[in-house]
Amino acid sequence: MFVNKWLSTIVSCAALALTACGGQSSGTAPAANAEAGGSSASAPASGKVLRVAMNAEFAPFESLDAQQKIEGFDVDLMNAMAKAGGFQVEFQHKPWDSLFPALAQGDVDVVMSAVTITDDRKETMDFSEPYYQINQVVLVAPGKKVANINDVRSLSKVGAVTGHTGDFAAQKIFGATSETIARFKTLPLMLKEVENGGVDAGISDSAVVANYVKNNEGKGFTMVQVPDFTVEHYGIAVRKGNQELLNRLNAALKQVRDSGEYKQIESKYFAQ
């Protein structure tokens, strides 16, 4: 599900990084949370249910469809893992800034929402094996030219989503308190400002930006990989020390990869 072939010709931005909560519950809870707009895999006989928290504002990884149900790459991958691992899942759409507290308080078992694995996050939660690779890119508004990091520094306003790794990347470029950085609560809000010309560019995850450019062909957006941004990996977050759940998730992820189903899900959502 990588977008390296896109990154050689276009310039992108986007911001992301999320985390999850751990733990595992058992019982006969429903496989989907209708109120939260969830969807789920068919229920295995074990009856074990994992409460999976997402911020469904980060297409194509997770978003809400017309019926307010959560859909996307992360949803399909977790459903495939549930089937392979013999457990049920219940998806919950939550605000970005509530995901970590929900994890810490035990309100959910897993956070799977395009969460970048970082050393800081690993201090308070554990992560599965990486399941997706991205890097931060700059999405440039029509009429703007950005080819390198110096071009980015010359822009007047650059958007980022608060708390996402795109925000951290922007801080490295401009400084944590720079007025050049325009922070937004959600990715859709930031993308809309790039589209409207409210900011010159936006920084976010490569796969998300590539998806946006693909769905807005002909509007003049450009996306280019900036060499100064390092490669990142997404992981599924669980509560610190929950090794049993971590082992279950890693085993299920491996089964989905080995069976070839991972590549099928990848090709459904990402530009090749």
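1. Aspartate 76 and lysine 268 form a salt bridge in which the closest N and O atoms are 2.9 Å apart. Because aspartate 76 belongs to helix 2 (residues 73-85) and lysine 268 to helix 10 (residues 261-269), the pair ties together parts that are 192 residues apart in sequence. Lysine 268 counts as exposed, at 57% relative accessibility. The model under discussion is a predicted one.

2. A search of the whole structure finds ten salt bridges, and another of interest here joins arginine 51 to aspartate 109, with 2.9 Å between the closest N and O atoms. Arginine 51 lies in strand 3 (residues 48-54), while aspartate 109 sits in the loop between helix 3 (99-105) and strand 8 (110-116), so this pair ties together parts that are 58 residues apart in sequence. Arginine 51 is partly exposed, with a relative accessible area of 23%, whereas aspartate 109 is buried, with a value of 1%.

3. Within helix 7 (residues 187-196), lysine 192 and glutamate 195 are three residues apart, which means that about one helical turn separates them; they form a salt bridge whose closest N and O atoms are 3.8 Å apart. Lysine 192 is partly exposed at 41% relative accessibility, and glutamate 195 is also partly exposed, at 29%. Elsewhere, salt bridges that share partners join Arg51, Asp109 and Arg239 into one network.

4. Helix 6 (residues 165-174) is largely enclosed by the rest of the structure, because seven of its ten residues are buried; among them are Asp167, Ile173 and Phe174. Just after helix 6, glycine 175 takes a positive phi of about 105 degrees.

How values were computed:
Residues numbered from 1 in each chain as written. Predicted model: local features only at pLDDT ≥ 70, side-chain atom pairs only at ≥ 80, totals over all residues. Heavy atoms only, no water. Buried < 20%, exposed > 50% of the residue type's maximum accessible area, 1.4 Å probe, protein only. Helix = DSSP H or I, 4+ residues; strand = E, 2+ residues; numbered from the N terminus. Salt bridge = Lys/Arg side-chain N within 4 Å of Asp/Glu carboxyl O.
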